[in-house]
Amino acid sequence: MTKNVVYEKILPQMKEIAALCLKASYLFLDPAKLQNNFEIFGFDFMLDNELKPWLIEINTNPCL
């Protein structure tokens, strides 16, 4: 797998999947409506034989 394949094919698909997940759940991300805060998410993906990324899970506040 070359660097170009990662940046041109795989990464854009991963970004699209992550954006769709956040759009689908943004109303539930900050139920207390606190200001001046942020949350870190860990998106776990795997690639199939055709280099298509599949979302496995999303972790809130992954281990730093």
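**Briefing: fold, surface and the loop at Leu51**

Leu51 is located in the loop that links strand 1 (41–47) and strand 2 (53–60). The model is predicted.

- The phi angle of Leu51 is near 65°, which is a positive value in a residue other than glycine.
- Leu51 counts as partly exposed because its relative accessibility is 25%, and the partly exposed class lies between the limits of under 20% for buried and over 50% for exposed.

**Overall dimensions**
- The radius of gyration of the protein is 14 Å, whereas a compact globule of 64 residues would have a value near 11 Å.
- Along the principal axes, the C-alpha atoms of the protein occupy a box of roughly 45 × 25 × 20 Å.

**Burial and contacts**
- Of the 64 residues in the protein, 6% are buried.
- When contacts between residues at least 6 apart in sequence are considered, 32% of them join residues at least 24 apart.

**Surface and charge**
- The protein has an accessible surface of about 5,600 Å², and carbon and sulfur atoms account for 59% of this area.

Methods
Residues are numbered from 1 along each chain as its sequence is written. This is a predicted model: local features need pLDDT of at least 70, side-chain atom pairs count only at pLDDT 80 or more; totals for chains, interfaces and linings use all residues. Side-chain values use heavy atoms; hydrogens and water are left out. The radius of gyration is taken over C-alpha atoms; the globule rule is 2.2 Å times the number of residues to the power 0.38. Buried means under 20% relative accessible area, exposed over 50%, partly exposed in between (1.4 Å probe, protein chains only). Contact means heavy atoms within 4.5 Å. Accessible areas come from the Shrake-Rupley method with a 1.4 Å probe; for residues, only the protein chains shown count as cover. Helices (H or I, at least four residues) and strands (E, at least two) are DSSP runs, numbered from the N terminus.
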